[in-house]
Amino acid sequence: MIDIAIKHYMHLGDNSFHLDIELNVPTKNVTALFGPSGAGKTTLINVIAGLLRPDSARIVIDRTVLNDTEKRIFEPPNTRRIGYVFQDGRLFPHLSVSGNLGFGQRFSSPVAGSDKITFGRVSELLRLDPLLNRPIQGLSGGERQRVAIGRALLANPRLLLMDEPLASLDVERKAEILPFLEEIGQLFGIPIIYVSHSLPEIRRLAKWIAVMDGGKISAFGPVEQITSRIDLAPLTEAPGGGSVLSGYVIRHDEKLFLTYLECEHQRLIVPMINADVGAPVRVQVRPEDIAISLAKPNGLSVLNVLAGHIENMRDIENSPSVDVLLNVGDQDITAPLWAKVTKLAVKRLALKKGMMVYALIKSVSIDRTQIGIG
Amino acid sequence: MFQLTPAEIEAIGLSLKVATASVVCSLPFGLLVAWLLARKSFIGKGLLSALVHIPLVVPPVVVGYLMLILLGRQGFVGKWLYDSFDITFVFDWKGAVVAAAVVSFPLMVRAIQLSLETVDPLLEEAAGTLGAKPAQVFWTITMPIVLPGVITGMTLAFARALGEFGATITFASNIPGETRTLPLALYTATQTPGGDSIAMRLVVISVLLAGIALLVSEFLARRAHMRIRRGYPT
């Protein structure tokens, strides 16, 4: 467990900013730090990394105390063993790619389990071999971030902080890096705190999410749960937003190019993905792609029919739509799922809170970018 | 052909010795002061900056005279140095070194400071998160990046030390083989009846020496530059 408690007061010009954080992050998987600009996300991870000395803090990772103001403990950044991938990469201009990668190895002290992260493995994972002898100046944005990630990994961190590592990249470069990020946490077993204001990115990468606003944590929990909460909708709603269903691969149908998933005890058929049978997956479902039916449909082309009940409804003013929060799955294992239907449909079907319904999702409406593996 | 006389060889050797010693001795202080001025904010920073730059704006003779008052055998600091360590600067080549170092110091500091200001502190921060201690960050990140600036500063200081005249003659005097560097030898020749040809030869030697120093530093700075290639995009 990573226990974080921080109080810090800052003056930024005429404004003052108060950071007041209490957060317990699991030492497994990716935890996303989400929130609008100015919420204090970067400030928070700078405090965790030791780059900023807060007024008062207690930061403990698996019983190792990094900062405890009361006991006058403040580990400097170089002894914390916390990797940091900066938004702008911050590669060293006087060193080549291999020099930058080696820098992390050179100064990190070996620790138990560090044999997992070798130059060879990192270089292979991030496809850095062809770049090794290149100077930093000739690299593309995507290549730079891959080097930055490799450099941070090779310093053997106990925790990896990533401050919007994809923010400076265009869509294609993002698509180039995302698969690497997905693999890192799993392969090396390093917890990651990932700062982002892109929900699709978070849905794809993260298991946990902490929503930040005005220097405070306004919610923390599993991504599926938090991103479906009605009260957080103003914060978590984003273009192309929606809900996330998690499950695992049951089998592939290579002839029909489909993959069968089990999500919350129900079957979900999606376009074929490149993942092993049994691999955990997360599927992002857009509210517009969901239809609601009162009865189990017959003679319909839609492949995915998820049973559930209506948890909540919210009218959208000056629009024909209603946001419907469904809870799909068995009684004990359910997942929140946002659907968007018309007010007319709500009226005709007489939809009400607590009603049993079926959510219909067309398989072809889910594309590969909405499916995250791991 | 151009055959050097023993007196000329003596003056060249002395000039090189004094200039080299002054650059070597002032380099650590130059780095420290440049670093303080570029990176730290403290009370009296303006005063330190002014103090360092004084030799640049006042006549060298004034600097030499002030040093004589301060470091001369009867001087405030000089007396103590002589009594406790038997160190004396006046009439001694070490005096010429001190005079050259003081006068060339602002040039060295200026070049290093400007170079330090171009180093992004965020890079040093990044190095810290990778496990490097502050001293290791300085030697592996900061130093290599500012190296061309340090070389430039050393060259400027060296050239200035080679040409130093006013402070040296005032403070350390003009003694053959001890403090008579090239400029002082040149001055002596011009004050001697029929010394024109001697003076001319010394002029040629001075120009050659300065030219060689410039070429060497240019070569070194270029090599350092090549390894760094400034202006990395963010």
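**Two helices of chain B**

Tutor: H1(B) and H2(B) are oblique to each other, a class for angles that are not under 35 degrees (roughly parallel), over 145 (roughly antiparallel) or 65 to 115 (roughly perpendicular). The model is predicted, so local features need pLDDT of at least 70 and side-chain atom pairs 80 or more, while totals for chains, interfaces and linings use all residues. Residues are numbered from 1 along each chain as its sequence is written, and chains are lettered from A and ligands numbered from 1 in the order written.

Student: At what angle do helix H1 and helix H2 of chain B pack?

Tutor: Helices (H or I, at least four residues) and strands (E, at least two) are DSSP runs, numbered from the N terminus. Axes are lines fitted to C-alpha atoms, for helices over the stretch in contact, and angles run from 0 to 180 degrees between N-to-C directions. The axes of H1 (residues 6–39) and H2 (residues 45–57) of chain B are 10 Å apart, and the angle is about 140°.

Student: Which residues in H2(B) do Val33(B), Leu36(B) and Leu37(B) meet?

Tutor: Two residues are in contact if their C-beta atoms, placed from the backbone, lie within 7 Å. Val33(B), Leu36(B) and Leu37(B) belong to H1(B), and their partners in H2(B) are Lys45(B), Leu48(B), Ser49(B) and Val52(B).

Student: How many helices and strands are there in chain B?

Tutor: From the N terminus on, the elements of chain B run α-α-α-α-α-α-α-α-α-α. The count is 10 helices and 0 strands.

**The sheet of chain A**

Student: What is the strand order in the open sheet of 5 strands in chain A?

Tutor: Two strands pair if DSSP finds at least two bridges between them. Pairing in this sheet is antiparallel, and the order is S14-S13-S12-S15-S21.

Student: Why is one side of S14 and of S21 in chain A left without a neighbour in the sheet?

Tutor: Strands S14 (266–271) and S21 (371–373) of chain A stand at the edges, so each has a single partner strand.

Student: What is the bridge partner of Arg282(A) in S21(A)?

Tutor: Strand S15 (residues 280–285) of chain A pairs with S21(A) in the antiparallel sense over 3 bridges. The partner of Arg282(A) in S21(A) is Gly372(A).

**Where the chains touch**

Student: Which elements give two or more residues to the side of chain A that touches chain B?

Tutor: The contact takes 22 residues from chain A and 20 residues from chain B. On the side of chain A, the elements are helix H2 (77–80), strand S7 (82–85) and helix H3 (97–107).
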